[in-house]
Amino acid sequence: MKNIRRWGPGLLLVSPSIVLITIFVYGLIGWNMKVSTSNWRQARHTSDYVGFKAYTELNHDEAWTQSLQHLLIFTVVFAIGTLLIGWTLALLLDKGVKGEGFFRSIFLFPMAISFIAVGIVWRWLMNPAPGDRATGLNAVLDKLGLHSLANQWYIDGGTIFGLHSRGMAAMALPAIWALSGYIMALYLAGFRGVPEELREAARMDGASEFRVYRHVVFPHLRPVTLAALIIIGHISIKVFDLVVAIGGKQTITETPAVYMWRQIYDYQDYAKGAAIATLLLLGISVLVIPYLIYTVRAERRS
Amino acid sequence: MSDETMKHREVRTSRVKRGAVVLGLIVLALVVALSTAGCGKKKSSTSTTSAMGNCKLSVFSWWTGGGEAAGLDALIKIWNKDNPDCPFVNETVAGGAGSNAKAVLAKRLQNNNPPDSFQGHAGKELLDYIKADQIEPIDFIYNDNGFRDVMPKTLLDQISYKGHLYSVPVNIHRANILWYSPSVLKKAGIATPPKTWDEFIAALDKAKAAGVIPLAVGEQWTQQHLLETVMIGALGADGWANLWVKGADWSGAGVTKALDRYKTLLTTYTNSDSATLTWQDAGKLVVDGKAAFNIMGDWQDGYFSGSLKGDNLAKKPNVDYGWVAVPDTDGVFDWLSDSFTLPKGAPHRDAAVKWLGFLGSKQAQDTFNPLKGSIPARTDTDPSLYDAYLQWNLEQWKNDQLACSLTHGCAASNAWTADIGTALGLFLQDKDVAKFQNALVKAAKKYSATN
């Protein structure tokens, strides 16, 4: 208490946000978990505790497990795509091009567009209509004589490694388009963060440009890759607007977040919706919490 | 001045500054808290005064565009002219074919802040509200206004729950219509539109051979709509009705036959890009001569024949497009209806009762329906007000057997409909009839007792 003058004002300063976050973030997370264990499964509010009934139901719900498969395919393609493209663009820019600023902005711009708008445009581009009704990418492929490449895009119901459904890989294309530029910016910062002396030293030792990158620059990018994966991963787990803008309310493109929305808005099954929300939060925590621990430790070490 | 004192002074000034910032924040927090408290107070005081005298009829719906909004506006005009002391407050919520509105409504009902009347599909969609004791039975409105004499008895039976009526139907739409393109039929050598299933398959084969899409369908809900009409065709109106009663059995051969037929349509005769089309897109394929048939509700007529200005197609009925009942459902009217309710604790109950009486009147029904593109629930209205399709439909409404629509909220509770929708979504991908039927049987076992 003696030192209140030292820590008191600081605490007072942050106390409004502590209070607000306690109520509106953690309080509501707690309330959501409570709803998920209640029997509130119709418009009328009821709060009797029924345990993990909604969760066990999800466990036996094929539509739910399928939405998880959709999410897995989407996430893998989305993550690999953005990392590869972002990394490549950053490497090219790092090697020095004329008008770097111009290209940087061009690559970054898609991120400024909301997923809804991105979705609507790509819905047109990825129109799977056959024959003379073909538009968008399929029509372009047709004109180029690459008819065999024209495909069903996001409504392709086939499997990939036994998972449903192949179309979700196409669903990831707009997301890759939107966020590759952002990942490029992260990598570019990573490239620029490698001290020029290190490269210089390697060159003095007779390393080829390839080996300079391979053994000096790339190892420095590991933290960037990790951060990029976390960012893409959590965006992916929550993906909702893009899917709704492109696929609408259909099982074939349903992700967990869309399924949650359908349960609550269409069927007023609040317990099941809250259970899905809780599982999504857990999924994101699994991704984010180890990362936070890692960065805190890394900061302490340095 | 020594370095020590300089530092000391700096610390002090920064403390003073910090103190000022904290003080400012506290003041700000207080202002926010007070102003929100003030808002709350103001709101509650206005609602008490309005309950005491100022009559306002607040009506909640999802009619925000097209013919339905025009129809509602026409009703509002009449209401405001006849009830200058109790003006209409139009509380519409747009989006999601009503699903956004229902979510908003659920919250209002939970908070005991109901509108004076709200929209819902007539039938089992209202079951949640009834069981939650959120809406009143309104048999007295039917008796006082003589609605029982002018609306079909089967209709009233199908929208009753435990012998009581809970809403007034404003309009009737029909789900089981097969829309076709006369020019495509001619080109494909189909002499008359099909009436039976076998004729339908023969016609689809001919259309396929002629190089057009035999049957245009759209996204998932339109495929559920298609399933419903195929099932009614295979089972008949009575067989269909039996699926929704307590202890209903979905495991029979009739359901299997219906699902097999449905699978045949989806795997052999429909467009491959169905999941990307809206119901309008699918219908447009027919009037554009790219598809032979489309099965959709009769709002398709409004889209086909409505003005270009209203984003419709301005086509001529019986020339650019034609219609018959879905094969094997001739004489069955698969219906759905928008209706209005009387919530418990409606702030202006007397006005709401009057509104519901007005909605069932000949004047209101003949004002609203020609604009919305639907027919009245009453059978004694003036046919000359309606277009070619609706006049044909009015005749059918008087004579047909009635079947309650699943896709449009009449046949089953929300929870049951949800399970059927989920099973259908999976079926559309794996096309496994046995598994689908199994899921439907399970859903019926779970929900039929409380339907």
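Start by selecting Asn112(B). With 10 C-beta neighbours inside 10 Å, Asn112(B) counts as exposed. The cut-offs are these: buried takes 20 or more other C-beta atoms within 10 Å of the residue's own, exposed takes 12 or fewer, partly exposed is in between, and C-beta atoms are placed from the backbone. Asn112(B) sits in the loop between H3 and strand E3 (117-121) of chain B. Helices (H or I, at least four residues) and strands (E, at least two) are DSSP runs, numbered from the N terminus. Check the backbone here: Asn112(B) is not a glycine, yet has a positive phi of about 55°. Most residues other than glycine have a negative phi, and most peptide bonds are trans.

A note on the model before moving on. This is a predicted model, in which local features need pLDDT of at least 70, side-chain atom pairs count only at pLDDT 80 or more, and totals for chains, interfaces and linings use all residues. Residues are numbered from 1 along each chain as its sequence is written, while chains are lettered from A and ligands numbered from 1 in the order in which they are written.

**Next: Asp311(B)**

Jump to the loop between helix H13 (299-305) and strand E11 (322-325) of chain B, where Asp311(B) is found. Asp311(B) is not a glycine either, and its phi is positive, about 65°. Asp311(B) counts as exposed because it has 11 C-beta neighbours inside 10 Å.

**Next: Leu359(B)**

Select helix H14 (residues 349-359) of chain B, which holds Leu359(B). Is Leu359(B) buried or exposed? Leu359(B) counts as buried, with 26 C-beta neighbours inside 10 Å. Show its contacts, where contact means C-beta atoms, placed from the backbone, within 7 Å. Leaving out residues up to four places away in sequence, Leu359(B) touches Val168(B), Val170(B), Phe340(B) and Ala364(B). Then draw a distance to His348(B): the two C-alpha atoms are 16 Å apart, for residues 11 apart along the chain.

**Zoom out: chain B**

Colour chain B by secondary structure to see 18 helices and 14 strands. Of its 451 residues, 48% count as buried. Among contacts in chain B with a separation of 6 or more, 78% are between residues 24 or more positions apart.

Now colour by domain. Domain 1 of chain B is 57-171 + 337-395, and domain 2 is 174-335 + 406-450; such bounds come from an automatic or database domain assignment. Their centres, taken over C-alpha atoms, are 27 Å apart. The contact takes 16 residues from domain 1 of chain B and 18 residues from domain 2 of chain B. On the domain 1 side, helix H2 (66-82), helix H4 (127-131) and helix H16 (388-399) of chain B each supply at least two residues. Which helix gives the most to that side? H16(B) does, with three residues. By class, the domain 1 side has four nonpolar, eight polar and four charged residues. Ala, Val, Leu, Ile, Met, Phe, Trp, Tyr, Cys and Pro count as nonpolar, Asp, Glu, Lys and Arg as charged, and the others, Gly among them, as polar.

**Across to chain A**

Show both chains. The contact takes 32 residues from chain B and 30 residues from chain A. On the chain B side, helix H1 (3-52), helix H3 (99-110), H4 and helix H17 (414-430) each supply at least two residues. H17(B) has the largest share, eight residues. The chain B side divides into 14 nonpolar, 13 polar and five charged residues.

Chain A has 13 helices and two strands. Its C-alpha trace spans about 80 × 75 × 30 Å along its principal axes. Of its 302 residues, 34% count as buried.

**Next: H12(A) and H13(A)**

Select residues 256-266 for H12(A) and residues 270-301 for H13(A); the two axes come within 8 Å and cross at roughly 160°. Axes are lines fitted to C-alpha atoms, for helices over the stretch in contact, and angles run from 0 to 180 degrees between N-to-C directions. That makes H12(A) roughly antiparallel to H13(A). Residues in the contact include Tyr259(A) and Met260(A) from H12(A), and Ile276(A) and Leu280(A) from H13(A). By class, the contact has nine nonpolar, two polar and one charged residues. Angles under 35 degrees count as roughly parallel, over 145 as roughly antiparallel, 65 to 115 as roughly perpendicular and the rest as oblique.

**Last stop: Ser165(A)**

Select the loop between strand E2 (163-164) and H7 of chain A, where Ser165(A) lies. The peptide bond from His164(A) to Ser165(A) is cis, with omega near -25°.

Notes. Contact = placed C-beta atoms within 7 Å.
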